[in-house]
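User: Could you take a close look at one part of this protein for me, the barrel and whatever packs around it? Keep the cut-offs in, please.

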Amino acid sequence: MQGAPQASDPAPGAVSGPASGVASGPASGVASAPAPGVVSDPATPSEPVPAPRVPLVKPPAAPSPGADPSGEAPPPPAEPSGAAPAPAGTAPQAEPAPDATAPAASVPAAAAPGAAPPHEGAVPAGYAPGPQTPHGAGREGAAGPLHAPDEYRTPPYGGPGPWAPAPPVQRPAYGAPTHAAAPAPAGPPSAAPAPAAPPPGAPPHVPAQWSQYDPWSGPAAPAHAQPLLGTGRAPGPAARGDGRAGRSRTGLALAGALVFALLSGVLGGAVGAYVERNGGLTTVELPQAAPDAGDRAPDSVAGIAARALPSVVTLHVSGGGAQGTGTGFVIDKRGHILTNHHVVDSADGDGDITVTFSGGETASATLVGGDSGYDLAVVRVRGVRSLTPLTLGDSDGVRVGDPVVAIGAPFDLQNTVTSGIISAKGRPITAGGEKGDGSDVSYVDALQTDAPINPGNSGGPLLDAQARVIGINSAIRAADSGSGIDDGQSGSIGLGFAIPVNQGRRVAEELINTGRATHPVIGVSLDMEFSGDGARVADEAQDGGASVTPGGPAAKAGIRPGDVITRVDGERVRSGEELIVKIRAHRPGDELRLTVRRGGGESARTLTLGSSADG
């Protein structure tokens, strides 16, 4: 190929010498001074002409990077054009080629075998300096460069050979950008003086074309291209500062998350505790059933109370230095009210009776009449309209276990309603007796109920399931006393007693019509001290007279002193009190069948009851 250096030509600048090819000079084989006789180029008198370089021989043991794989040492680099001819004993200097358009790659001389290594500070073998004039470029008919100038500043392809070192790579810089020198514009090169040889120990010279090489820039890149920022190199101080800031921000975020979680837990616990204690954060609204129509079955306790309460009254009585409270109920539209005798007893004479109705209206009342033996009394109110009397039932038709309702004012608590059943019938009870002569003792053939009855319930009605009066509440058996509903302030223990309404109706009619009640009698005096079974006829009366009234009902039936009456109408009699109770449960004129025991034998006797009014 034209222009390529031939292997037989001597390298430019080579010094003729021994076969070893080592330049004459010191023992190191490297010239330490420029050759004598170097003159300045007349064409360029102002520029100094450097002395020609002495080629170095690379030791075979350490081939340089980029050496020829064939094992031959590369030729020494060519001397720049324009240098003065070397004196005798040195290699001829190449002349500049006037028709050259671009510098060609310099061709180093082949290293002689066994050449001594270069001295310290010498330019390493294979290092190509700046633009050089190729061998033969200054002679007439010499060949031109292998390639035309490359506008992209890339190394010339095809020369000087594979041993040429790779161009230094411009790596991205961190921090402030640095601007590389703009490359020289392409054009015909001019003759330039050869650079002076670097002194011993000086750093290697970097050619200008490699320092300007930027593989990332294009042909139209500006002269001062901005370096690229890469990530392959370790970050600088600024980057490390950003990392520390990132780590700090991460730590702050973690701390904030922990604080938020802690506050959320505390707040959630507080809200949960409040909700648990108070049932929620809003106003409590309890569920409630729909409004009731108000209708109740007529035979229910509510239905019975609704019908009976308007007819039940509360009595406040004062007089004779005493006062008390009881209950009564209206028995007709003329204002008559039935109650117990012991409720209004203190008002006999100049006492005061006040009646309070269920609706709260009050009225004054007067005593019509009463009977302590029956424990019944009637009072009357005037000027009160729209009175509703209670219906009177039949106490003889009551059965044990029938439901009952009691209404009264226990301990002055008006309109109190209790309920229970009929526990027993025909319980002979006696009440009163405070006077000591027996005149105030009442004998009652009572109905027993477990409906709660307390002090203040006296005189109130005992109603059946049809709201009909079947009894008048009169007495209770208290735990600390034996008789009397108002003897003490003890409460109910489930043993209440009521006067049968059949007896009450008869006595009330007599009290309203005549002002007094009559008692049925048989005309005998009883031995109240007898402890045997039955009622024994006394031997004589308390005043010393006959125990059997002559011409009386008992005398007519053949009863004698000392006889023991054991049954009345088939019902067993255990004491004198029971016999009185059984007799007073009837009206005067009623017939009784008695069983009489005499001398160890029993016989039946029939008699007609008399009246206490007759005697």
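Analyst: Accessible areas here come from the Shrake-Rupley method with a 1.4 Å probe, and for residues only the protein chains shown count as cover. On that basis the protein chain exposes about 33800 Å², with carbon and sulfur atoms supplying 55% of it. Mind that this is a predicted model: local features need pLDDT of at least 70, side-chain atom pairs count only at pLDDT 80 or more, and totals for chains, interfaces and linings use all residues. Residues are numbered from 1 along each chain as its sequence is written, and side-chain values use heavy atoms, leaving out hydrogens and water.

Now the barrel. Strands are DSSP E runs of at least two residues and helices are H or I runs of at least four, both numbered from the N terminus; two strands pair if DSSP finds at least two bridges between them. Six strands close up in the order β7-β8-β9-β12-β11-β10, with antiparallel pairing. From one strand to the next, the twist averages 50°, using axes fitted to C-alpha atoms (for helices, over the stretch in contact) and angles from 0 to 180 degrees between N-to-C directions.

Zooming in, β8 (residues 416-431) and β9 (residues 442-449) run antiparallel, joined by 7 bridges. Helix α7 (residues 576-584) packs on the sheet and touches β8 and β9, contact meaning heavy atoms within 4.5 Å; its direction makes about 85° with that of β9.
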